[in-house]
Amino acid sequence: MSLPGKASGGGGGYLHGVAGVIVGYNFEAKEWPAKKGDPYTTVSLELQIRQDGADVAVRQFLQAGFLNDDEIVSGDGQRLESEKPVIGVGTEAHRFLESLVEAGFDESELVEANLNDLTPIVNARVTFKREIDEDAKARGQKEKFTNKAGKEVETDKKLLLVKEYHGQVKPVKGKGGKKVVPLSKTTTSPSKPNGKAANADA
């Protein structure tokens, strides 16, 4: 099994050991000023996840790599406009999708779309897990968070992955047949490119 991906150039809800449904997603691009050379643009994957028994969905942001000059995010945020894979191999988003496939999700539609359209993963019910990012650990990268005592602490960076895939579920419907899953105001922010100060609650 091998998902496509761009070759490397060089909270809401902790979601560990709990089951939930991926009710939506968005790609988001962000431009960064460069200390040297030209500015660059990163892309992240926002997953909208409703844990079993919850009334609202939480957002989880995963690094997905960089956008080249000829690559853009579609106006509705649902697609990466490129003829080639955009999500970088080894990024948080790529590792999450790999773990989903390894857990039993059919990869065929994802491969056909070069991972640039993730519609097939919507309404997938899975059990999540967290694992230490060994690559980040080797580079000395940490993530910061505020504990219950209100103190900012550092810890090893952990990846959001899929432990088990339980199949597809029917979408939640509201009036007029529209999908209705409210989003929590709490988010998990995407990691900065240097891997520092990754997660913060809004």
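Predicted model: local features only at pLDDT ≥ 70, side-chain atom pairs only at ≥ 80, totals over all residues.
**Exercise 1. Salt bridges**

Step 1: K129 is partly exposed at 23% relative accessibility, and E131 is partly exposed at 36%.

Step 2: by this rule the structure has five salt bridges. Another of them joins R79 to E81, whose closest N and O atoms are 3.8 Å apart. R79 has a relative accessibility of 29% and counts as partly exposed; E81, at 34%, is likewise partly exposed.

**Exercise 2. A salt bridge between separate elements**

Task: Determine which parts of the chain are tied together by the salt bridge of D52 and R125.

Solution. Step 1: D52 forms a salt bridge with R125, and the closest N and O atoms lie 2.5 Å apart.

Step 1: D52 belongs to the loop between β2 (40-51) and β3 (57-67), whereas R125 is in strand β6 (residues 124-132), so the pair ties together parts 73 residues apart in sequence.

Step 2: D52 is partly exposed, with a relative accessible area of 40%, and R125 is partly exposed at 27%.

**Exercise 3. The surroundings of strand β2**

Task: Describe how β2 pairs with β1 and β3, and decide whether β2 is largely enclosed.

Solution. Step 1: strand β1 (residues 19-32) pairs with β2 in the antiparallel sense over 12 bridges. Within this pairing, G20 stands opposite Q51 in β2.

Step 1: β2 and β3 are also antiparallel, paired over nine bridges. The bridge partner of I49 in β3 is V58.

Step 2: β2 and β3 form a hairpin with five residues between them, and G53 in the turn has a positive phi of about 90°.

Step 3: of the 12 residues of β2, 10 are buried, so the strand is largely enclosed by the rest of the structure.

**Exercise 4. Aromatic pairs**

Task: Classify the ring pairs Y25 with F27 and F105 with Y165.

Solution. Step 1: a search of the whole structure finds four aromatic pairs. In the pair of Y25 and F27, the ring centres are 5.7 Å apart and the planes stand at 75°; the pair is therefore edge-to-face. Both Y25 and F27 are buried.

Step 1: the rings of F105 and Y165 have centres 5.4 Å apart and planes at 80°, so this pair is edge-to-face. F105 lies in the loop between α1 (92-102) and α2 (108-112) and Y165 in strand β9, so the pair ties together parts 60 residues apart in sequence.

Step 2: F105 is buried, at 7% relative accessible area, while Y165 is partly exposed, at 22%.

Key. Residues numbered from 1 in each chain as written. Heavy atoms only, no water. Salt bridge = Lys/Arg side-chain N within 4 Å of Asp/Glu carboxyl O. Helix = DSSP H or I, 4+ residues; strand = E, 2+ residues; numbered from the N terminus. Buried < 20%, exposed > 50% of the residue type's maximum accessible area, 1.4 Å probe, protein only. Pairing = 2+ DSSP bridges. Phe/Tyr/Trp six-rings, centres within 6.5 Å; stacked < 30°, edge-to-face > 60°.
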